[in-house]
Amino acid sequence: MRGDISMTVTIDDQPCEAHSTYSWSGGGCVLTLSTVLPERAFAAELISTYVGHTDTPTIATHLMLGPVGQPAAIATAEHAHEDLGPVESARDCATDHAPQLIELLDAAGRQVTGQLDELSVTELERSG
């Protein structure tokens, strides 16, 4: 199952075009969230994948492509399933993804804010 998530992003106090999607696989044990900033000056993409099950920790992988002039980077983190898990807490995964984008762009010297649309996150929860 796939869908869109609405996210409002500003960079250096200017609205920035952003496209965010989600997809489920592995019987709901794998959730991938992707946000693309297509504007030429920023051109970046963050792909976050959350893999977990009620009997295992959740592994989160964040792949950052861009922004322009920055090398690609990948980071992983392990979370206790009760703290973050794709099976029961897709909302928490979405609210983990957005700050990852902000942190990575802040590190590139930009002032970034991001806000997920509540209706989109509710739809994500229902689809899982």
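My entries below go from the overall fold to one residue.

**Entry 1: the fold.** I noted at the start that this is a predicted model. I looked up the secondary structure and found two helices and nine strands in the protein. Following the chain along the sequence, I wrote down the pattern β-β-β-β-β-β-β-β-α-β-α. Next I checked the radius of gyration, which is 14 Å; the globule rule gives 14 Å for 128 residues, so the protein is as compact as a globular protein of that length. For the overall dimensions, I have the C-alpha atoms filling a box of roughly 40 × 30 × 20 Å along the principal axes.

**Entry 2: inside and surface.** I asked what share of the residues counts as buried. My note says 41% of the 128 residues. I then looked at contacts with a separation of 6 or more, and residues 24 or more positions apart account for 44% of them. The protein exposes about 6800 Å², and 51% of that comes from carbon and sulfur atoms.

**Entry 3: charges.** I listed 5 positive and 19 negative charges in the protein.

**Entry 4: Glu82.** Where does Glu82 sit? I found Glu82 in the loop between strand 8 (73-79) and helix 1 (90-107). Is Glu82 buried or exposed? Its relative accessible area is 70%, and the cut-off for exposed is over 50%, so I put Glu82 down as exposed.

Key. Residues are numbered from 1 along each chain as its sequence is written. This is a predicted model: local features need pLDDT of at least 70, side-chain atom pairs count only at pLDDT 80 or more; totals for chains, interfaces and linings use all residues. Side-chain values use heavy atoms; hydrogens and water are left out. Helices (H or I, at least four residues) and strands (E, at least two) are DSSP runs, numbered from the N terminus. Buried means under 20% relative accessible area, exposed over 50%, partly exposed in between (1.4 Å probe, protein chains only). The radius of gyration is taken over C-alpha atoms; the globule rule is 2.2 Å times the number of residues to the power 0.38. Contact means heavy atoms within 4.5 Å. Accessible areas come from the Shrake-Rupley method with a 1.4 Å probe; for residues, only the protein chains shown count as cover. Lys and Arg count as positive and Asp and Glu as negative; His and the chain ends are not counted. The place of a charge is taken as NZ of Lys, CZ of Arg, CG of Asp or CD of Glu.
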